[in-house]
Amino acid sequence: MASEKHFKYVILGGGVAAGYAAREFAKQGVKPGELAIISKEAVAPYERPALSKAYLFPQNAARLPGFHVCVGSGGERLLPEWYSEKGIELILSTEIVKADLATKTLTSAAGATFTYEILLIATGSSVIKLTDFGTQGADSNNILYLREIDDADKLVAAIQAKKGGKAVVVGGGYIGLELSAVLKMNDFDVTMVFPEPWCMPRLFTADIAAFYEAYYANKGVKIVKGTIAVGFDADANGDVTAVKLKDGTVLEADIVVVGVGGRPLTTLFKGQVAEEKGGIKTDAFFETSVPGVYAIGDVATFPLKMYNELRRVEHVDHARKSAEQAVKAIKGKESGESVPEYDYLPYFYSRSFDLSWQFYGDNVGETILFGDSDPTSAKPKFGSYWIKDGKVLGAFLEGGSPDDNKAIAKVAKAQPPVGNLEELKKEGLQFASKI
C-alpha cells in the first residue's frame with residue numbers, strides 16, 4: 001500500500017518562493033508536523049540566480065550549502081537542519097504527477113499521496129527546450145539548459161571537459177547574456193545567436209542594448225543577430241559539433257547553451273482553477289479561484305496595483321515577496337487580522353563581467369538615455385527613463401551605487417511629472433536623487 005500523509009499546509013515546489021514561504025511560516029508560528037515542502041529537486045530551497053553567475057565561475061565558485069535561501073536578500077541561510085528544527089517536513093526528490101483540488105490530494109510518481117488543508121502552488125517554470133519544437137539534432141550531447149542545480153552541474157562538467165573550446169549560446173535574454181559572460185570567463189570562444197534586432201528586447205531599448213553588445217564584443221564575445229538555430233551536427237558519439245543557423249551560417253561548437261525562455265508549470269491544475277495570461281489567476285493575497293489554494297512566484301497572475309492590471313512576473317524578487325504575502329494572508333485569515341494588498345514595484349537586475357544593472361517600474365512610453373554609455377570607459381555609468389503621459393514610469397541604471405539604485409526605485413514608485421525631456425536628459429541621475 002502506497003503511503004498517505006496529511007499536513008495542514010503543503011508548499012508544492014522547492015524553489016525560491018518555497019524557501020521564503022517556509023521562513024515566513026516559521027516567523028508567523030507553525031507547529032511541528034503542520035507544514036511540508038514537496039520538491040522534485042534533491043536539495044533544500046536555494047537562491048536560483050546563483051546558478052547563472054557564481055556557480056559557474058572559474059575561481060571561487062559558489063556551491064551549496066553556501067547559497068540556500070534566504071542569503072540572496074541578506075537573510076539567514078536555511079540549511080536542511082533548519083527545517084527539521086522547525087518541524088517542517090522537506091519531501092525531496094518527489095515529483096507530483098496528479099493534483100486533485102476538490103479532494104485536496106496530491107499524488108507522487110511513486111504512488112504516495114499527500115493531503116492538505118491549504119496548498120501553496122510554487123511550481124515555478126520549466127525551460128523551453130529546442131527538442132519541444134523538433135529542432136533537428138537538438139537531442140545531441142552537450143546542448144545544455146539552465147534552470148535547476150542538476151542543469152548547472154551538467155554545465156560545470158561540460159565546461160571542464162571542453163576547456164578552451166567553442167561555445168554557442170542560443171538566446172539573447174538574461175540567460176544568454178549571463179552565460180556568454182561566464183563562458184568567456186572560463187576561456188571559451190563564445191558566439192551568441194538570437195533572432196531579435198538587439199539583446200534583451202523585452203526590456204532594453206536599442207540604445208541600452210548597443211552598450212552591452214559593444215561591451216561584450218570588446219570582451220571577445222561574437223554576436224549573431226536576426227537568425228535562429230535550425231539544426232545541430234553531432235559526431236559518432238552523439239556530441240554536438242556544430243550549430244546550423246537559418247541564414248546558412250554554420251558555427252563550430254563544443255558546447256551549446258540554450259536560453260529561450262520558460263513556461264510556468266501549471267499543467268497539474270488545468271481545468272481546476274481560473275487561469276489568466278499563462279498563469280494561475282490570484283487576488284492581491286495570492287489566493288486562487290479555489291478557496292485555500294494559493295499560487296506564488298512565476299505561476300501567479302496577480303493584480304499589479306500600481307498599474308491597475310493583471311500581470312505575471314518571472315523574477316526572484318517577486319518570488320520572494322509573493323511568498324511572504326501569501327503566508328501573511330493565510331495566517332491573517334486564521335487570526336482575523338487584515339493584511340494590506342500586495343503592492344509590487346516591478347524590479348529586474350542582472351550582473352555579468354564587471355557590469356551590474358537594475359530596472360524599476362514599467363518600460364512603456366518614450367525613453368531618454370543619460371550618463372556615460374561608452375563601452376570603452378573604465379567605469380561606465382548610464383541610465384534611461386521611460387516617460388508616458390508626462391510622468392516617469394520606469395528607470396534603468398547601469399553601474400549605480402546602492403544609493404543610486406534606491407533613488408531610481410523611488411522615481412519609478414513616485415511617477416513624478418516631467419515637463420522637458422531635454423532637461424531630464426541633462427539632469428540624468430540628479431533628477432532621481434531629488435525625489
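User: Which residue just after α6 takes a positive phi?

Analyst: This is a predicted model, in which local features need pLDDT of at least 70, side-chain atom pairs count only at pLDDT 80 or more, and totals for chains, interfaces and linings use all residues. Residues are numbered from 1 along each chain as its sequence is written, and side-chain values use heavy atoms, with hydrogens and water left out. Helices (H or I, at least four residues) and strands (E, at least two) are DSSP runs, numbered from the N terminus. Just after helix α6, a positive phi of about 75° is taken by Gly 336.

User: How far apart are the end C-alpha atoms of helix α6?

Analyst: The expected span of a helix is 1.5 Å times one less than its number of residues. Helix α6 covers residues 316-335, so its 20 residues should span 28 Å. The model agrees with this, as the end C-alpha atoms are separated by 29 Å.

User: How many of the 20 residues of α6 are buried?

Analyst: A residue is buried under 20% relative accessible area, exposed over 50% and partly exposed in between, using a 1.4 Å probe and protein chains only. By that criterion α6 is mostly covered, and its buried residues number 15.

User: At roughly what angle do the axes of α1 and α6 cross?

Analyst: Axes are lines fitted to C-alpha atoms, for helices over the stretch in contact, and angles run from 0 to 180 degrees between N-to-C directions. Contact means heavy atoms within 4.5 Å. Residues of α1 that make the contact include Val 16, Tyr 20 and Phe 25, and those of α6 include Ala 319, Ala 323 and Val 327. The two axes come within 8 Å, and they cross at roughly 35°.

User: Is the crossing of α1 and α6 left-handed or right-handed?

Analyst: A crossing is left-handed if the near helix is turned anticlockwise from the far one by less than a right angle, and right-handed if clockwise. For α1 and α6, the crossing is right-handed.

User: Which residue in the turn between β20 and β21 has a positive phi?

Analyst: Strand β20 (residues 300-304) pairs with strand β21 (residues 309-312) over four bridges in the antiparallel sense. Thr 301 stands opposite Arg 312, and Phe 302 has Arg 311 as its bridge partner. Four residues lie between the strands of this hairpin, and the one in the turn with a positive phi, about 50°, is Asn 308.

User: What is the bridge partner of Ser 350 in β23?

Analyst: Strand β22 (residues 347-352) has five of its six residues buried. Six bridges join β22 to the antiparallel strand β23 (residues 355-361). Two residues separate the strands of this hairpin, where Phe 353 takes a positive phi near 50°. Across the bridges, the partner of Ser 350 is Trp 357.

User: Is Ile 387 buried or exposed?

Analyst: Ile 387 lies in strand β25 (residues 381-388). Among the residues that Ile 387 touches are Val 364, Ile 368, Val 418 and Leu 424. Because its relative accessibility is 6%, Ile 387 counts as buried.

User: What is the relative accessible area of Leu 144?

Analyst: Leu 144 is found in strand β8 (residues 143-144). Its contacts include Leu 155, Ala 158, Ile 255 and Val 257. Leu 144 is buried, and its relative accessible area is 9%.

Note on methods: Pairing = 2+ DSSP bridges. Lists of a residue's contacts leave out its neighbours within four places in sequence.
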